[in-house]
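This report sets out selected features of the structure shown below.

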Amino acid sequence: MVMARPPPDPLFTLRGSAAPVNTLQFHCSTAGRPLLYSGSEKGCVHVWNLNNRRAERVLEGHDGASVIWVSTVDSTDAFLSQGRDMRVCVWDLHEGRSAVTHSLRTGSVGFCQCSLLEAETNKTLLALPAEHTEEIKVMELASQTPVRSLIPDSKQGMLMCMKMFQAESGPLLCAGYEDGSVVLWDVSHGRPLSCLKAHPEPVMCLDFDTDRQKGISGSSDKTLTSWIIDSQQNLQMQNSVLLTNPGVSQLCIRADGKIVAAAGWDGNVRVFGWKRLKPLAVLQHHKDLVHSVAFSNHPEASQRLMAAGSKDQRISVWSIYSES
Amino acid sequence: RGSFCSGCVSARQAVAPCLRIVSSSRDSAEVTEALRTIIHYLEGGNASASEKAEFNRANYTRVLQVLVSSLSSDWFHSLPAQERRELWDGFFLRGPPDQALLVLLDTISSTSDGSGLDWTVSVLESFLSAGRVGMLLWSRCLETNGRPDSVQLRETILTRLSSLPDLTANRLRTNTPARLLPQQYYTDLARDVLNTLENTCRALRAGQDCSLGFVAQLLGKVCMQGHGGEITTLAPRLSSLTRSDALWRRVSCKLLENVPDRWVESVITALIHHLHGASALSRVMGNLVLKNKKVQFVLTHKVLLLQYQHPTQLLRTVLGYLALDHDRRPLLKQVLRSVCQVWSNSSAVRHTSLDQQLYVSKALLLCVNLLNQTEIQELREELLQCMLGGVQCRLDSSTEHVRRMGMVVGECLSQKLDTPTSQLQFQVIFRKDFVFLIRSAEDFDDELTPYDMSADQVKQKATPPRYVRDCLEALMSSDDPERVELSLQTAEELLRKNVSTAREVSVQFSKVLLHLEDRYSTAGFHTLRQSAMVALAVIHTQPVVEYLTTEFYSLNYSLRQRLDILEVLALAAQELSEPITEKKAVSQPVARAVTLEQCGEVEHWRQVVEKRIQSKTRRISKGASQPPKAAPNRYAPVAAYFFFPLLRNYDRPQVTFDLLGSDHLVLGQLVHTLGLLMHLAVNAPVATQMGKALLDFVWAIRFHADQMVRRGVLFAVCAVFLSMPGENLLLELSDDLVETRAWLADVAESDPDADCRSLAVQSLVLLEKNLKTHLQSPSMET
């Protein structure tokens, strides 16, 4: 019997955020040094230089309120951070500046992260959770004009997570709700296309692969569920996998569509094959809940790292299945 | 033949004087002139067709022979290269290829080294590269009715063509050009055959008759000579050509039908290896299997039941071929019946190798998968009989692998045969090993290989016990699954950390562990329990081992418990015999990855022994390694406590335990364990006594019917030969030496179990080595 290889250790660990790490975002695509942004519970955004593995800058714009989402905007080179102070800050980080140009009020008291869609060149859409706990607001980022407001008809409870993506017919959005259902929204017409009861417990996170028209959602129970959008734009359950311990904070599909990573409440990052959800690895490193996983968008496949941010205040950086 | 036409006469009359000139004249110009006259009769010359035919029939070979004899003449040497190519080579390349080939090959085999030989070889090469062999084959195809070739000539050409590389290599040895080497030659030949078939198709379309007899014979003969691999490079091409063209299918079937019976087996064998997929085989072979008894035997019997070295793909191709056509399906049923018979035959289970059993199992499952529902209903009774018989005799086996195979195949068959509610179900957790059995058609591509995920466990809420006595208490009386589980998980670590407390309760703890049952189906229960017991035996060796060895022969234990005792003793002895490493890592994850059945354990020991044998072999190339620090062997002084009590009561059957009777599973394990204990006692003073006692014991059971026991016996013998000091060993064996050798040699040759055979060989080698050192050392002669 051939023994399986032992799971890899992290390449390195980033310490120094001095607070639980809520969210991560790589920025390696353009020339220049590879960066990793992390948002912490104490309201700071750390900008990590992956070459020297140190924090280059610390951005504080949320008055100490927990930062739950960060994102770079490629088209305008801006940077967004969402805090629990009910604001999304738009940053200008050019030439060493670190200034908040303006901020958008969400009014949301929940934990739902925003979702950014940069499909068309001069039209960048941002979906935000709104004051009303079920509502999603979609606005044009540049002009800050609201495009749509998406409110489900039936009682689906609080909005938990969402992901906006471009389809042939226009922008679509998958949203996960408190009652465990996933709803597919047509953003341009502001109407729901399909609803799938994916979990018995609230949907904690989801991610969507536009190439395969297939998404995955995690919950506070032990299952991960993958689903597809069929040709009639209906959501259909496809596959599910059982975890050893319940609770997933975030799911992330790697851009090449080979693997998907799940940030577990048990402190483990689990890696699955994206095709069939075949369990591939359980990465044990963190001492506490893992809040976030992210894959690097580095142009060179072998440099595409994976990062996991945890409540134990560490960020572990891994190189997994990046050989070929 | 009576009819004299004017052309014939003129050709013969014209050629005869020219030939005389070529063979006898010393005048170069005259010779050249004469040859230019003859050239008219060759292909492309301006003589009439009937003249050419007559020339080819009556003069061609003669002309070539004369040319060959002129190889050493002044005329030949004075020819410029250009003219030489025209006047000499041209004759070989522009006449009937069969005659030219015969002359060339005769020349090569009869000429001695020199420029003449080189030239002839180069002409043969141009003969091959000019596609003359293709011409030859084609000319034979066209002889449907005419020219009654003598059988002898036909045979000769066949032989020469099929063994040309051998003929040339015999003469040229290492100077053989690449084109004449088998690899290249037969690949070219395959291309020529394919071209000939293409011509045949074209001719048939034009309404002309062709005969494939010669090509078929050639194919057969080449395959028979073992060049099937090269010649069937035409198989993939044939497969694609037959896909769209019915005529090609007919031609290809006709070709195979024409292969003589004595060669057809090698052709078919080579073909099924090189055609991928049942439909390809079906297109190329048609219903040959129904027409030819020999092919039928090969495909429905020989490949499936007599041979077992073929890849699964081949099985799939052959069985799929039988299933594809309505007329052939009865054969599939017949195959299923015979495979069933073999699979459920208990004697076959005992006396054939594991590989073969696995092969037959695959064939059985593939066959069943190909049946449709009505056929299954029709064969249901037979399949059921096969399943029950086969599963039963496999479950009786003492080899883990065979038992598993029985269960997996049984489950798969049951899935096909029974209603979903009444299916046979073993909780076979190790299906992974047999996935290839279960997986029928799908191919798993580009899968990423998973990492070890054994460390992924449910997070515990309760805290593990911190004291040895708490741990013991929990294991003894707690009903809380989580507590028991945690206690079991920490037991080994606790015991090893608190040696003095562990000593106080060692026997009691061992007793509790020995009687512990897996009430809560704890993950890795056996390994955890085992490692804790091993820890106890290591920490407080004498009392714990005394307790365990006594319990081994006492009443009211299950076989599993007795096996556990043996495993614990073996592992403890092994640990004791190893030097103490600085920090003994708690090797839980690794231990857990090893399967818990004793089969895996045996492998593990064997690996250890193998490693030791390796380490004892001196290798010159290796640099000197850092010598390990010397430490006293902890096992040597206590080896006797482990060993002798186990030999005490084996022949005393009890109500619940009959070691020499039905409980041969334990016997096999016991002998293995004793062998290991013996092996670990190398260099211990007590080794001689142990060896004597062990040899006495195993001598009585060396012909046991169970292969596990025999394997154990041979393992023990190996261990004795390795560990007992040489002089004592020979003293001990002295009377039985000859008999021992005969026995080992017999086992090495004829035991059905591969492990037994290799162990016997190993023992023999060790014995010979011992004997040699003994005979060489003069001090021993007194």
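## Loop residues with positive phi

In this predicted model, A:Gln144 sits in the loop that links strand S12 (136–140) and strand S13 (146–150) of chain A. Although A:Gln144 is not a glycine, its phi is positive, at about 55°. Most residues other than glycine have a negative phi. With a relative accessible area of 35%, A:Gln144 is partly exposed.

## An open sheet in chain A

Four strands of chain A form an open sheet in the order S18-S19-S20-S21, with antiparallel pairing. Strand S18 (203–209) and strand S21 (235–242) are the edges, each pairing on one side only. From one strand to the next, the twist averages 20°.

Within this sheet, strand S20 (residues 223–229) of chain A pairs with S21(A) in the antiparallel sense over 7 bridges. A:Leu224 stands opposite A:Val241 of S21(A). Strands of a sheet pair through backbone hydrogen bonds, either parallel or antiparallel.

Strand S24 (residues 268–273) of chain A is mostly covered, with 6 of its 6 residues buried. The cover extends to both faces: A:Asn268, A:Arg270 and A:Phe272 are buried on one side, and A:Val269, A:Val271 and A:Gly273 on the other.

S24(A) pairs with strand S23 (residues 259–264) of chain A in the antiparallel sense over 5 bridges, and A:Gly273 is the bridge partner of A:Ile259. The hairpin of S23(A) and S24(A) has 3 residues between the strands, and A:Gly267 takes a positive phi near 85° there. Another 5 bridges join S24(A) to strand S25 (residues 279–284) of chain A, again running antiparallel; here A:Val269 has A:Leu283 as its bridge partner. The hairpin of S24(A) and S25(A) has 5 residues between the strands, and in this hairpin A:Leu277 takes a positive phi near 55°.

## Chain B: composition and cores

Chain B contains 41 helices and 0 strands. Of its 782 residues, 50% are buried. The accessible surface of chain B is about 37400 Å², and carbon and sulfur atoms supply 52% of it. Among contacts in chain B with a separation of 6 or more, 74% link residues 24 or more positions apart.

The largest nonpolar core has 140 residues, of which B:Leu161, B:Leu299 and B:Leu364 touch the most other members. Beyond its neighbours within four places in sequence, B:Leu299 contacts several residues, including B:Ile268, B:Met285, B:Val318 and B:Tyr321. A second, separate core of 96 residues includes B:Leu563, B:Leu647, B:Ala687 and B:Ala760. In soluble globular proteins, nonpolar side chains tend to be buried together.

B:Leu729 belongs to helix H39 (residues 726–733) of chain B. Its relative accessible area is 0%, and B:Leu729 is thus buried. Apart from neighbours within four places in sequence, B:Leu729 is in contact with B:Leu695, B:Val720, B:Phe721, B:Met724 and B:Asn770. B:Leu729 and B:Lys692 stand 37 residues apart in sequence, with a C-alpha to C-alpha distance of 8.1 Å.

Notes: Residues numbered from 1 in each chain as written. Chains lettered and ligands numbered in written order. Predicted model: local features only at pLDDT ≥ 70, side-chain atom pairs only at ≥ 80, totals over all residues. Heavy atoms only, no water. Helix = DSSP H or I, 4+ residues; strand = E, 2+ residues; numbered from the N terminus. Buried < 20%, exposed > 50% of the residue type's maximum accessible area, 1.4 Å probe, protein only. Contact = heavy atoms within 4.5 Å. Areas by Shrake-Rupley, 256 points an atom, 1.4 Å probe, with all protein chains shown as cover. Core = buried A, V, L, I, M, F, W, Y, C linked by side-chain atoms within 4.5 Å. Pairing = 2+ DSSP bridges. Axes fitted to C-alpha atoms, helices over the stretch in contact; angles between N-to-C directions.
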